[in-house]
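Open the model in your viewer and keep the sequence panel beside it. The stops below give one selection after another.

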Amino acid sequence: MKKRILSFLMVLSMLVCSLASCGGTDSNSTASTTDETTSSRKALYLTLYAITNESTTDEAVKAVEAQLNRLTESRYKTTLQLRYYTEDKYQEALDSMYAEFDKQKAEEEAKAAEEAAEAAKKKEEEKNMSAEELRKKRQEERLAAKEAEKKAKEEAEAEQEAIENGEDVAPDPITGPQMDIVFINGYEAYKTMVDNDLLVAMDEYLTLSNKLIGDYIPSTILSAAQINTKTYGIPTNQAVGVSDYFVFRKDIVDKYNFNIKSVKTLYNCEDMLATVKKNEPGIVPMLAPVTCSGIDFYTGEEGYPIAVTNNEFSYFSAEKAFNLFNIFTVNSHFERMANFRANGYFAADPENCDNWFLAIKTGSLKDVQQWESEGYVATLYRKSIATAPQVCTALYGISSYTKYPDRCMEIIQMMYTDANFRNLFMYGIENENYVVDENGMTAHMLNDTYSMDFYKTGNTFIGYLPEGTPLTYVEDAKEANQGIKTSGFAGFTPTFSEDQAKLLEEFAAAASGYYTKLCSGVPDWKEQLAEVQGKLAALGFDQFLEDSFNVQYEPIAKDLSDTAKALQGSSLSDYVEIEDDGAPAHEE
């Protein structure tokens with residue numbers, strides 16, 4: 001086991017050493033790192049399960065397989081067998097292979113039982129042998145065992161000598177069920193595979209390479225791909241989300257010398273809005289109400305009653321989940337929105353209002369630049385949250401049935417770091433299936449005999465881009481991913497009984513609509529808040545949180561907190577601690 005782990009660590013260290021390729025130019029990014037490891041290794045077959053489109057032909061797959069194997073055999077002495085299925089047939093194919101493994105296991109167990117029975121029978125027969133007969137039998141068995149051991153050793157040594165001399169030694173053929181590298185088609189499939197022990201956990205191997213993998217896959221995305229603090233698949237990286245910003249009119253900011261750099265919450269905007277309301281009658285102080293920042297919801301849906309605080313400007317530090325409607329900062333936000341509305345800060349018709357001082361807008365850093373060019377100034381209000389369902393739309397993992405997890409990791413390495421591998425896997429053979437446009441960045445398909453999904457073939461940040469994709473795709477996606485934070489519920493997949501699951505549905509139904517209404521600034525916010533608190537209390541919500549939910553969540557929260565703190569450093573002076581009205585961030 002230790003050797004296997006060391007092999008994993010070695011492979012994943014190679015995985016990140018070459019995360020700098022782009023386009024179709026980087027063909028030797030990892031070759032030099034594997035010369036020594038491959039010179040004395042045995043050639044073998046690995047299977048790669050993936051989804052293809054209906055138009056893909058068997059002939060095209062074989063041709064691509066041959067070209068991919070020119071890369072994998074020369075670099076790793078690994079021969080790939082591509083096993084492609086259309087999306088509607090993919091799960092059926094996996095289930096069929098799992099059934100084959102079950103059948104093989106049953107046959108092995110039956111054979112072991114027969115051998116045990118035969119051994120017991122022989123043992124009974126030996127009771128009737130004389131001492132001389134038994135001694136002679138034992139001697140013959142020892143000689144036969146030594147001869148078999150000697151033969152096996154000689155064959156192994158001869159094979160190893162041939163390998164070290166650079167001779168081609170054919171890999172052992174695939175003679176039974178085999179599953180090595182698997183595409184994971186979405187979060188629900190990912191959870192199911194983990195629940196059924198069908199994937200190998202990778203965290204021990206990712207530890208050494210995490211910082212460099214961040215060149216393409218930020219730690220926030222890798223964290224979101226965890227299930228109960230373990231990573232079983234590497235997401236095919238792509239743009240995950242955009243953030244929300246305070247957007248202020250710059251001329252008004254300059255006129256009153258407002259300190260925008262100090263703005264972290266709406267609490268910091270109160271004096272500004274009051275000033276604009278008093279002195280600028282033709283300008284709406286704030287375009288529209290907004291939901292609360294710094295809150296993560298258990299299901300990812302705003303307003304779900306189970307939540308944690310997770311503000312934008314310090315590392316995650318929650319110790320348990322809370323009743324959303326008991327969190328002080330949330331209640332303060334409800335009151336603030338009601339006060340803003342009572343003070344006349346919001347536009348009567350936000351969709352048709354152009355003359356405003358402050359708005360909360362969603363966008364990227366490029367949008368920020370655009371807003372600034374139009375006479376506004378922006379600062380962060382709320383980061384996009386990387387949730388598991390959002391991140392885990394497509395992943396590649398290692399099947400728990402493989403005999404060669406370290407060799408599987410080498411191939412996954414190529415999928416995420418080698419542009420030539422990526423282009424072959426995604427587009428097929430150049431000048432047969434596709435050509436590269438004059439811009440040198442876009443693949444133009446010549447036919448559909450080899451057709452794959454761009455987001456289901458590994459690292460979308462290397463290799464050519466599909467036609468119609470903006471040439472700034474990689475730059476834009478990386479930028480978007482830099483502005484996300486990990487959900488406070490990342491990797492949390494609790495187990496609930498049927499009765500508990502039903503209770504969760506009842507909690508969600510009881511709270512439905514209240515959060516949005518309270519964030520809109522309703523004048524009777526206190527009555528509305530008391531009403532939803534009463535409904536949840538009647539269902540035993542707080543007791544459920546304490547006895548059933550947090551019992552499972554608290555270890556996950558601690559792990560997320562420890563990880564976040566370790567990644568950011570242990571000095572609290574590095575962070576901006578946000579206080580809303582000088583009050584604690586959790587419960588009242």
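## Around Arg382

Start with Glu302, which is partly exposed at a relative accessible area of 41%; buried means under 20%, exposed over 50% and partly exposed in between, with a 1.4 Å probe and protein chains only. This is a predicted model, in which local features need pLDDT of at least 70 and side-chain atom pairs count only at pLDDT 80 or more, while totals for chains, interfaces and linings use all residues. Residues are numbered from 1 along each chain as its sequence is written, and side-chain values use heavy atoms, with hydrogens and water left out.

The term stands for a side-chain nitrogen of Lys or Arg within 4 Å of a carboxyl oxygen of Asp or Glu. The pair joins distant parts of the chain, 80 residues apart, with Arg382 in strand 13 and Glu302 in the loop between strand 9 (295-297) and strand 10 (306-309). Helices (H or I, at least four residues) and strands (E, at least two) are DSSP runs, numbered from the N terminus.

Which other residue forms a salt bridge with Arg382? Select Asp244: the closest N and O atoms of this pair are 2.9 Å apart. Asp244 lies in strand 7 (residues 243-249) and Arg382 in strand 13 (residues 376-382), 138 residues apart. Both Arg382 and Asp244 are buried, with Arg382 at 13% relative accessibility.

Return to Glu302 and show Thr291, whose side chain makes a polar contact with the Glu302 side chain at 2.9 Å. A polar contact is a pair of N or O atoms within 3.5 Å; within protein, one must be able to donate a hydrogen and the other to accept it, and residues adjacent in sequence count only if both atoms are side-chain atoms. Thr291 sits in the loop between strand 8 (284-286) and strand 9, and is buried because its relative accessible area is 15%.

## Other salt bridges

The salt-bridge count comes to 18. One of them pairs Lys42 with Asp172, with the closest N and O atoms 3.5 Å apart. Here Lys42 is in the loop between helix 2 (31-39) and strand 1 (44-52), and Asp172 is in the loop between helix 5 (131-164) and strand 3 (181-184), 130 residues apart. Lys42 is partly exposed, at 29% relative accessible area. Next, select Arg41, Arg407 and Glu410, which are linked in a network of salt bridges.

## Backbone stops

Draw a distance from its C-alpha atom to that of His333: the separation is 8.7 Å, for residues 185 apart along the chain.

Now check phi at Asp197: it is positive, about 55 degrees, although Asp197 is not a glycine. Asp197 is in the loop between helix 6 (187-195) and helix 7 (203-206), and is exposed at 60% relative accessible area. Asn431, also not a glycine, has a positive phi of about 75 degrees. Look for Asn431 in the loop between helix 16 (419-427) and strand 16 (434-436), where it counts as exposed at 57% relative accessibility.
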